[in-house]
Amino acid sequence: QVQLVESGGGLVQPGGSLRLSCAASGSIFSIYVMGWYRQAPGKQRELVAIIPSGGTTNYAESVKGRFTISRDNAKKTVDMQMNSLQLEDTAVYYCYAVIKSTVTAISSAYWGQGTQVTVSS
(Lines give C-alpha, C1' and ligand atoms only; values in the text may rest on other atoms or scores of the structure.)
Protein backbone atom coordinates (compact mmCIF):
# COMPACT_ATOMS: atom_id res chain seq x y z
CA GLN A 1 0.00 0.00 0.00
CA VAL A 2 1.10 3.53 -0.83
CA GLN A 3 -0.32 6.61 0.83
CA LEU A 4 0.01 10.32 0.23
CA VAL A 5 -0.95 12.53 3.16
CA GLU A 6 -1.30 16.28 2.74
CA SER A 7 -1.28 19.07 5.29
CA GLY A 8 -1.18 22.83 5.38
CA GLY A 9 -4.39 24.01 3.80
CA GLY A 10 -6.58 26.67 5.34
CA LEU A 11 -8.13 30.10 5.06
CA VAL A 12 -6.03 33.08 4.06
CA GLN A 13 -6.66 36.63 2.92
CA PRO A 14 -5.74 37.77 -0.58
CA GLY A 15 -2.02 38.47 -0.77
CA GLY A 16 -1.30 36.01 2.00
CA SER A 17 0.79 32.85 2.01
CA LEU A 18 0.33 29.17 2.77
CA ARG A 19 2.61 26.18 2.62
CA LEU A 20 1.33 22.75 1.60
CA SER A 21 3.16 19.57 2.49
CA CYS A 22 2.71 16.00 1.33
CA ALA A 23 4.39 12.87 2.63
CA ALA A 24 4.47 9.54 0.83
CA SER A 25 4.61 6.32 2.79
CA GLY A 26 4.16 2.60 2.36
CA SER A 27 5.61 0.06 -0.03
CA ILE A 28 7.69 2.49 -2.07
CA PHE A 29 10.55 1.39 -4.29
CA SER A 30 11.03 4.72 -6.01
CA ILE A 31 9.19 7.98 -6.64
CA TYR A 32 9.49 9.39 -10.12
CA VAL A 33 7.26 12.44 -10.10
CA MET A 34 5.68 14.47 -7.30
CA GLY A 35 3.44 17.45 -7.60
CA TRP A 36 0.23 19.27 -6.91
CA TYR A 37 -3.07 19.56 -8.72
CA ARG A 38 -6.11 21.58 -7.72
CA GLN A 39 -9.83 21.52 -8.37
CA ALA A 40 -12.06 24.53 -7.88
CA PRO A 41 -15.85 24.15 -7.57
CA GLY A 42 -17.40 23.44 -10.94
CA LYS A 43 -14.04 23.13 -12.66
CA GLN A 44 -11.82 20.29 -13.80
CA ARG A 45 -8.78 19.26 -11.85
CA GLU A 46 -5.71 21.10 -13.16
CA LEU A 47 -1.97 20.84 -12.80
CA VAL A 48 -0.45 23.42 -10.46
CA ALA A 49 3.19 22.34 -10.22
CA ILE A 50 5.17 19.20 -10.75
CA ILE A 51 8.73 18.13 -10.02
CA PRO A 52 10.34 15.01 -11.49
CA SER A 53 12.99 13.12 -9.56
CA GLY A 54 15.82 14.56 -11.58
CA GLY A 55 14.34 17.09 -13.94
CA THR A 56 13.11 20.61 -13.98
CA THR A 57 9.96 21.83 -12.34
CA ASN A 58 6.86 22.77 -14.28
CA TYR A 59 4.28 25.31 -13.20
CA ALA A 60 0.89 26.39 -14.40
CA GLU A 61 1.12 29.84 -15.96
CA SER A 62 -1.31 31.21 -13.41
CA VAL A 63 1.00 30.44 -10.47
CA LYS A 64 4.44 31.15 -11.96
CA GLY A 65 6.39 33.54 -9.79
CA ARG A 66 4.04 33.02 -6.85
CA PHE A 67 4.27 29.30 -6.04
CA THR A 68 7.43 27.30 -5.43
CA ILE A 69 7.52 23.51 -5.35
CA SER A 70 10.27 21.51 -3.70
CA ARG A 71 10.86 17.90 -2.74
CA ASP A 72 13.00 15.94 -0.33
CA ASN A 73 13.78 12.56 -1.84
CA ALA A 74 15.15 11.14 1.40
CA LYS A 75 12.01 12.08 3.33
CA LYS A 76 9.69 11.28 0.41
CA THR A 77 7.99 14.65 0.73
CA VAL A 78 6.91 17.41 -1.59
CA ASP A 79 6.09 20.93 -0.43
CA MET A 80 4.62 23.92 -2.16
CA GLN A 81 5.06 27.46 -0.90
CA MET A 82 2.21 29.64 -2.11
CA ASN A 83 2.68 33.40 -1.94
CA SER A 84 0.57 36.32 -3.12
CA LEU A 85 -2.51 34.15 -3.01
CA GLN A 86 -5.48 35.31 -5.05
CA LEU A 87 -9.19 34.62 -4.84
CA GLU A 88 -8.94 32.35 -7.86
CA ASP A 89 -6.46 30.12 -6.05
CA THR A 90 -9.33 28.83 -3.92
CA ALA A 91 -9.60 25.10 -4.52
CA VAL A 92 -9.00 21.67 -3.11
CA TYR A 93 -5.33 20.89 -3.61
CA TYR A 94 -4.27 17.30 -4.25
CA CYS A 95 -0.85 15.81 -3.86
CA TYR A 96 0.16 13.60 -6.79
CA ALA A 97 2.98 11.14 -7.26
CA VAL A 98 4.07 8.45 -9.66
CA ILE A 99 5.48 5.67 -7.53
CA LYS A 100 6.91 2.25 -8.19
CA SER A 101 5.68 -0.14 -5.56
CA THR A 102 7.89 -2.75 -3.92
CA VAL A 103 4.90 -5.10 -3.91
CA THR A 104 3.81 -4.95 -7.54
CA ALA A 105 6.98 -3.58 -9.17
CA ILE A 106 4.61 -1.44 -11.22
CA SER A 107 4.63 2.34 -11.44
CA SER A 108 1.26 3.92 -10.76
CA ALA A 109 -0.21 7.33 -10.09
CA TYR A 110 -1.31 8.03 -6.55
CA TRP A 111 -3.37 10.87 -5.10
CA GLY A 112 -3.74 12.36 -1.67
CA GLN A 113 -7.10 12.97 -0.09
CA GLY A 114 -7.00 16.69 -0.82
CA THR A 115 -6.64 19.78 1.35
CA GLN A 116 -8.82 22.86 1.10
CA VAL A 117 -7.26 26.23 0.36
CA THR A 118 -9.63 29.18 0.65
CA VAL A 119 -8.59 32.70 -0.23
CA SER A 120 -11.12 35.20 1.02
CA SER A 121 -11.28 38.66 2.51
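I'm working from a predicted model here.

**The sheet.** I looked up the strand order first. Four strands make an open sheet, running E1-E3-E8-E7, with antiparallel pairing. E1 and E7 are the edge strands, since each pairs on one side only. From one strand to the next, the twist averages 15°.

I picked Val 5 and checked its bridge partner in E3, and that is Ala 23.

E7 covers residues 67-72 and E8 covers residues 77-82. They are antiparallel too, over six bridges. Ile 69 stands opposite Met 80 in E8. The two strands form a hairpin, with four residues between them. I checked the turn, and Lys 76 there has a positive phi of about 60°.

**Faces of E7.** Which residues are on the covered face of E7? I get Phe 67, Ile 69 and Arg 71. Thr 68, Ser 70 and Asp 72 are on the uncovered one.

**The core.** Which residues touch the most other members of the largest nonpolar core? They are Trp 36, Met 80, Met 82 and Tyr 93, out of 31 residues. I then listed the elements that give two or more residues to this core, and among them are E1, E3, E7 and E8 from my sheet. E9 (91-101) is on that list as well, and E9 gives the most, with five residues.

Note on methods
Residues are numbered from 1 along each chain as its sequence is written. This is a predicted model: local features need pLDDT of at least 70, side-chain atom pairs count only at pLDDT 80 or more; totals for chains, interfaces and linings use all residues. Side-chain values use heavy atoms; hydrogens and water are left out. Buried means under 20% relative accessible area, exposed over 50%, partly exposed in between (1.4 Å probe, protein chains only). Two strands pair if DSSP finds at least two bridges between them. A nonpolar core is a set of buried Ala, Val, Leu, Ile, Met, Phe, Trp, Tyr and Cys residues joined through side-chain atoms within 4.5 Å. Axes are lines fitted to C-alpha atoms, for helices over the stretch in contact, and angles run from 0 to 180 degrees between N-to-C directions.
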